[in-house]
Amino acid sequence: MAHGVVQVTSTSSSRWRRRSGEYETLAAALEAAGDGDVLSIAPGTYRENLVVTRAVTLRAAEGLGSVRIAPAGGVALTLRAAALVQDLTVEGQDTSAAALLIEGCAPELTGLRVATRSAVGIEVRDSARPTVRQCTVDNPAGLGISVLESAGGLFEDCEVVCAGQTGVSVRGGASPRLERCRIHHTNGAGLSVTGEGTSAEAVGCEVYEIKGTGVQVASRATGHFTDCQVHRTTGDGITLDTDAVLTLSDCDIHDIPENAIDLRARSVLTLTRSAVRRFGRNGLSVWDPGTRVDANRCEIHDSTGDYPAVWVSDGAAAVLDSCRVHDVPDALFVLDRGSRADVVDSDFSQVRNTAVSVSDGATVQLDDCRIREAATGAWFRDHGSGGTLAQVTIDDTATGVIVTKGADPVLDRCTVTNPAEAGFYVSAEGRGTFTGCRVTGSRGYGFHVIDGCRSTLTRCRTERCERGGYEFAEPGPVTEDCTSDRAAEQTPDAGQPVTAVAAVQSFGLLGGVPQQGSPEPAAPEPVIRASDDVLGELDALVGLDSVKREVRTLIDLIAVGRRRQEAGLKAPSLRRHLVFTGSPGTGKTTVARLYGEILAALGVLQRGHLVEVARVDLVGEHIGSTAIRTQEAFDRARGGVLFIDEAYALSPEDSGRDFGREAIDTLVKLMEDHRDAVVVIVAGYTAEMERFLASNPGVASRFSRTITFGDYTADELLRIVEAQAIEHEYQLGDDAGDAILKYFNALPRGPGFGNGRTARQTFEAMVERHAGRLAHVTEPSHDELQLLYPEDLPELP
């Protein structure tokens, strides 16, 4: 037919009218139309499966929403020609087919609404190249838009408002371009690009409210995103896997509960002028050999979780150039041999724990970077870990740089200002080469090198360090041309070099340098009681029969061992460290104190005093101070007993990055190095203490035995109350003993039951109620002032 206009109207007679002719169906009108004809469709619902094979125009005569193409099954609308389709609503009900199918052609679609429950809302395949503008897809049953089989096209100002699976799926060598599109409320990925030769370009797009990952690029696919946003997902924001390549420019990834961007299996990400913020796990997570991220002029900040902002592991690599990382728990963690991070002209600030951490043989290169307001500036953790820090400034940290366990970094012209504890701290066989480094305003030491670590210091300088510029333990580091602004540590005058001979002088691991002036008076030595007196006090304790037997056995072994030594015989090798298990209030602290006194009476310990600590006393506010706090607690206990209550808190069940692990490691080493100076007793609930003993291979071997403190019986609790009454000059009246016994038998014994503490609290409650009774008696008798009756017992909880 000749070019013209085909008008279609819907009448009550259900017949089709074309010019002056009539057609039985809309499909018949389509068949009669020729290229260039316009089908103007009157309002109504058309339950036909339409196939367009000519370059015609289909449009709703009265605009968007007036015409519905809604067949009972199959594909509602198939386009196989360069048609123009406007303002139609396409509905499908077939979960095995697409609602709108575009095959091998380049049509234009404008203002369509695909509201369906199909396998796919819009499917583009067989090299088709549509132009899709201002269209909406709502498909809670399947995919939103699928582009496959080398297809492509332009999607402009489109929206996937709901998808039961992926919002936009690109695969099979397809290559669409998305401009200003929105993808949200999907139950799979927002946008998925997968397969060799597959690519997607997105400009000004937004992916959000996704139950899953925001964007997936995988299996050698590529992506180029500019000025896009990904936010409010339940999974990762963006994932790259298996040789994927993605470029992000001027993008914003935020409000992600998991990893903001996760790369694996030789994937490559180029990130430029983009922001990564408010993420629950890692901002950048980079894994596996060959995987690499290059970030330039980016900002990573405001973590909502407890994980490093940038994580590089398993041989991956990261480059940060002119980037800012701030308001995060940890900034950059590089782990595993072959992993590497190169950081240039970048800032790390407001880091709650460690700014840069290097471990398990990884390396870093930091050039002209700035670290401020962190707990630890940089930490090289173990053997094989290292790299170079050149012209790095570290300001307002607790510790500037920590080097431990055989790590061997190179630091060149680095400056640490205002550290709370130390500028540079080296321990546990750490090494390190420090050239032209400087520490100013430390509230601790400038350079603190313990355990005889053989670091090398050349042309280093310290200024205004409160505890001293240099604190070394023998044999100490090698130094050359190092200076300080103060005379200390038996060094030459201020401003003169610190020689290697002078530097190794030490006044204890943490003892510091003796200050000029009057020495502080020494603490008085405790009075050591005879062992029989202490054993008598132990025997007088209520209950604890099995505990008393265990302690007496230990004492007998130690005493006889000393006599054998005096007789020239070999004494049995005994480990005096103990594990106390049991519920709270069963006398563990009291027995620990008496045990220390008995050992002092036998001459095994010098003083026998008790130093009681818990996790809060050993684990610092930041990871760098934990070893120091543990060492200080151990030093306070020298000659006596270090009692660690609730020791299991040092190794919580989710202890992958918990700071308590460092306290355990430090404690194990100290117990081995100073086995005769301190007796260590760890205490806590039975099951939890079993986990604690398994937390470190050396922990269980350091303790000779475990002593279990059983709960007190009701009779024993009554005896404690009776003892409290005698001590405070009270008496139990008639029937009070039986009432208290019934009270303790009825008292619930949950996890919070306090045993001896509960008995003492019960006595105190009776005294308070007794006082309330007698407060209104004008002249109470002498007996009334002493006697406690059943009515003075508190109510059962």
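## Cavities, a pocket and packed helices

The second largest cavity has a volume of about 40 Å³. Its lining is made by I145, F155, C158, E159, V160, V168, L178, C181, R182 and I183. Two strands, β20 (159-163) and β23 (182-186), are the elements that give two or more residues to this lining. By class, the lining of the second largest cavity has 8 nonpolar, no polar and 2 charged residues. Please keep in mind that this is a predicted model.

How many cavities of 30 Å³ or more does the structure hold? There are 3 of them. The largest cavity has about 60 Å³ of space. Around the largest cavity you will find L178, I183, L191, A202, C205, V207, V215, F225, C228, Q229 and V230. The lining of the largest cavity counts 10 nonpolar residues, 1 polar residue and no charged ones.

Which element gives the largest share of the lining of the second largest pocket? That is α10, with 4 residues. The lining of the second largest pocket divides into 11 nonpolar, 10 polar and 6 charged residues.

Next come the helix pairs. Two packed helices are described by the angle between their axes and the distance between the axes.

| Helix pair | Angle between axes | Distance between axes |
|---|---|---|
| α4 (residues 545-566) and α5 (residues 588-601) | about 20° | 11 Å |
| α7 (residues 626-636) and α8 (residues 660-673) | about 40° | 9 Å |
| α3 (residues 531-540) and α4 | roughly 160° | within 10 Å |

Let us start with α4 and α5. With an angle of about 20°, these helices are therefore roughly parallel to each other. The crossing of α4 past α5 is right-handed. On the α4 side the contact is made by V547, V551, L554, I555 and I558, and on the α5 side by V591, Y595, I598 and L599. The residues of this contact are 9 nonpolar, no polar and no charged.

The axes of α3 and α4 cross at roughly 160°. That makes α3 roughly antiparallel to α4. The crossing of α3 past α4 is left-handed. Here L535, L538 and D539 of α3 make the contact with K548, V551 and R552 of α4. By class, the contact of α3 with α4 has 3 nonpolar, no polar and 3 charged residues. Notice that V551 of α4 takes part in the contact with α5 and also in the contact with α3.

What about α7 and α8? Their angle is about 40°, and α7 and α8 are therefore oblique to each other. The crossing of α7 past α8 is right-handed. In this pair, T626, A627, T630, Q631 and F634 of α7 meet E662, A663, T666, L667, L670 and M671 of α8. The contact of α7 with α8 holds 6 nonpolar, 4 polar and 1 charged residues.

Key:
Residues numbered from 1 in each chain as written. Predicted model: local features only at pLDDT ≥ 70, side-chain atom pairs only at ≥ 80, totals over all residues. Heavy atoms only, no water. Axes fitted to C-alpha atoms, helices over the stretch in contact; angles between N-to-C directions. Parallel < 35°, antiparallel > 145°, perpendicular 65-115°, else oblique. Left-handed = near helix turned anticlockwise from the far one by under 90°. Contact = heavy atoms within 4.5 Å. Nonpolar A, V, L, I, M, F, W, Y, C, P; charged D, E, K, R; others polar. 1 Å grid on protein atoms, 1.4 Å probe; cavity = no way out; pocket = protein on both sides within 12 Å on 5 of 7 lines; lining within 4 Å. Points joined across faces, edges and corners; volume = space filled by probe spheres on them.
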